[in-house]
Structures are given as structure tokens and as C-alpha cells.
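Here are a few friendly notes on charged pairs, for you to read alongside the model. Please keep the 3D view open as you go through the points.

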Amino acid sequence: MHILLKSVQIVAPSSPFHGQQQDILIENGIIRQIGKDISSAQARVVTGNNLHVSLGWTDIFAHFCDPGQEYKEDLQSGVAAAARGGYTTVLIVPNTQPALHTKPQMEYVLSRTRNSVVQVLPIGAVTKNLEGTSLAEMYEMQQAGAVAFSDGLKPIQSPGIMLKALQYVKAVNGTIIQLPDDLSISAHGLMHEGIYSTQLGMPGKPAIAEELIIQRDLELAQYTDSRIHFTGISTRKSAELIANAKGKGIKVTCSVTPYHLSLTDAHLVTYDTHLKLNPPLRSAEDVKALQDAVKTGVIDCFATHHLPQDWDAKQVEFEYAKNGMIGLESAFGVFRKHLPEVSVERLVEMLSAQPRKIFNLPELSLTEGATANLTIFDPEEDWVLTTDHLASRSKNSAYIGAELKGSVKGTINGQYAQL
């Protein structure tokens, strides 16, 4: 496989070629040459207007539903969706059937996705069968390839279990990922508790259900001196709590979804079930606070929370619809559209270098002699998301028909490419 990228703008602060427009020659998965006016008779030439190249992007929280619910998504369709969205690495949640809670299940995921353009890395379950009562064999899973630990879509409710988990992963310098939500407060809520939930007559999920868990787990992380990552934070106070904790030296990082940066609870007036999400869409004030937290660096990286649901799960009354939407294919377009004041360089850092640093993944390099792990994109192109853009098996996206900005043109990961 020989590929020649012509006149591409390099966006990679760690590279000596950062900020330059160069040609990049890739041979058999290795970056052989970076320079001007490179030619190659054997290479497939990639050209275009305003092409940018960065180190490959990483998503840290996606659901590929395999094993157990392959009719929603499987590992291959998940890889296709990720590549379409510009991702070369994806961490997948353990909420499968059976759960990803043993060494053989780590090996299943890794063996089924080994020869693909997207590296799929399993997040091992914290508790057996995701039941929240006893710890799973985290050390064995880590040895088999688990890159982090979480009960994924099922927030860890027990402070005792969370304490033990944080102590356990400290020995391997691991990270616990928590989706903060106190189910004893929010279990029956359908949307954010506020003016719109009252107007629409729907039970609300109060912000405090999220914020209490964050406060509790920050105390536990400080007590254990261990690493915790909150994903899907959705309120102003959540961002403030995490900013304060970072100031105290607590080992905490956090991520936010595309939809929490772009949509509010006001959008639910149409009762669109694609907008039934957990955490729910919050107020306009919360969205503005999260956008500001991206600009100031409080939020470390992004997480798509790609959650496929089949047609039947969404084409029902709002009360009975399942939570979640897909997000891999549209994420970059949403970020560019709704974070206009954030530079392309900063977005790329949050998509590439930051998540790899948080989860101790090998550092990528955009230099001659390095393995090619690249995302090719146009940060300025305006486009409309249609179902034709979706490689996922499920089509449950609220952004279908929306005008987005910034399009992905291809991904290269070693010997594999999607262009």
C-alpha cells in the first residue's frame, strides 16, 4: 500500500512539520517522506482543496453492541462508522451480552478487529456482569488488553465498590471511567428537570444527580490518590467541581459529548426520541458553560457516546424509547459548527493527543519513519448529514438533516486506509 498525500496542511503540534503545507509519502504503513513536490509512480495520490492532516483521532466511549446485540451494531460496522468519522482508535464500553468482564472477552474484541483501519480497544467492566456488587478480574483483563475500566452505561452506585476499584487500578496505573448519575435520584426522569420538563409534563432528571456522584467520586479519588475520568458531564456545576479538583491536584480528567455542546432541553419540545439521552440534554446555560470549559481546558477531550439503537427502540412514545444516539460519523462536524471560537489545532489536540495521554496509549508521531496513523479532513467544508453518510447499522441520530461544518476525508492506520 503506497499513498501520496499532496499539499496537505499538517496540524500536529508534536511534529516538526506542524503548521506547514507538505506532501506526505506513505509506503507499507510507514511515513517514508515529508516534503515538497514528492512524486511516486506506485502511490495512490490523494489531492483536494484545503486538505488538513493530523495524528489519528481517538474516541474514548462508544458502544459497538457486540457480542449480543449485533442487529444494532457489530464490531465491523462500528469500525466502519468510526473510520467514516475520522477515528483511528475507539475505546468501547463493556455493556454487551455477555458483558466485557473477563479475559476471554477482551481477547474476542481484539482478535475480531485486529486487521482493520480502526484499533478497537475494550474497556473492562469494573464489576462482574455490570451488577455493581463485586469487582471483576481487572488485573487479568488489563493483562489481556483492557485499556481502562468502567461499568459503562451503568454508573457505579456503591461508594464502597468505587473505592475498591480506584485502589485496585492504582497498582497498574489504570483509570476508572464513570458516567456520573445517582440513580436513586434520577431513575424515573425522562429529561432535564427544568422549565421545559414542567411545560412538557415529563418527569425530570435533576442536575444534582450528576453533581453528587462527581463530588463523591472526587473525594474517593483524592483519598486513594488514583485516577478517575468522568465522561458525559453535562452541567455548569459539574465543570466547576472538576476545575476545582484539578486545582487541588486530584487526578481527574473529563470528557463531553457532541450533543451536550450543541443541543439543549428546549429541543425536546418536538418529543424527538433521538434526543432521549443519558445524561439528558441540559439548559442553554449549561451548554454555554461546557463550551467555555472546552475553551479554558477544563474539559480534556471528547467522547461521542456512540450508542446505536434499532428502529423499534426509537419509534415509540418518548416514555418507552431507549436512551442514546449514534455519534461517530457526525462528531467533528458538530464540534466545528458549535465551537467556532475553538481553533482547529485545539480541537485536534482534544481528538488525538489528549485521550491517548489520559489512557496511557502509545504516543503517535507525524515524522519520517513513523507508522502512519493519520486523519485527513477539511475543517471549513459545510455539509448536511444524511443517512448516506452513516456507516453504522443504526440510524438514530438527531443530526440527520442538520448543517455541519468540517468534513472527514479519510483515515490511515498502518497498512490500512479508508480514503
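1. A definition to begin with: a residue counts as buried under 20% relative accessible area, as exposed over 50%, and as partly exposed in between. Do keep in mind that this is a predicted model.

2. How many salt bridges does a search of the whole structure find? The search gives 18.

3. Start, if you like, with helix α12 (residues 344–351), where Glu349 and Arg346 sit three residues apart, about one turn of the helix. These two form a salt bridge, with 3.2 Å between the closest N and O atoms. Glu349 has 32% relative accessibility and therefore counts as partly exposed, whereas Arg346, at 18%, is buried. Elsewhere, salt bridges with shared partners link Lys288, Asp292, Lys295 and Glu341 into one network.

4. Arg236 is partly exposed at 33% relative accessibility, and Glu240 is partly exposed at 37%.

5. The salt bridge between Asp225 and Lys251 has its closest N and O atoms 3.4 Å apart. Asp225 belongs to the loop between α7 (207–224) and β13 (227–230), and Lys251 to the loop between α8 (236–247) and β14 (252–256), so this pair ties together parts that are 26 residues apart in sequence. Asp225 is partly exposed, with a relative accessible area of 37%; Lys251 is partly exposed too, at 38%.

Methods: Residues are numbered from 1 along each chain as its sequence is written. This is a predicted model: local features need pLDDT of at least 70, side-chain atom pairs count only at pLDDT 80 or more; totals for chains, interfaces and linings use all residues. Side-chain values use heavy atoms; hydrogens and water are left out. A salt bridge is a side-chain nitrogen of Lys or Arg within 4 Å of a carboxyl oxygen of Asp or Glu. Helices (H or I, at least four residues) and strands (E, at least two) are DSSP runs, numbered from the N terminus. Buried means under 20% relative accessible area, exposed over 50%, partly exposed in between (1.4 Å probe, protein chains only).
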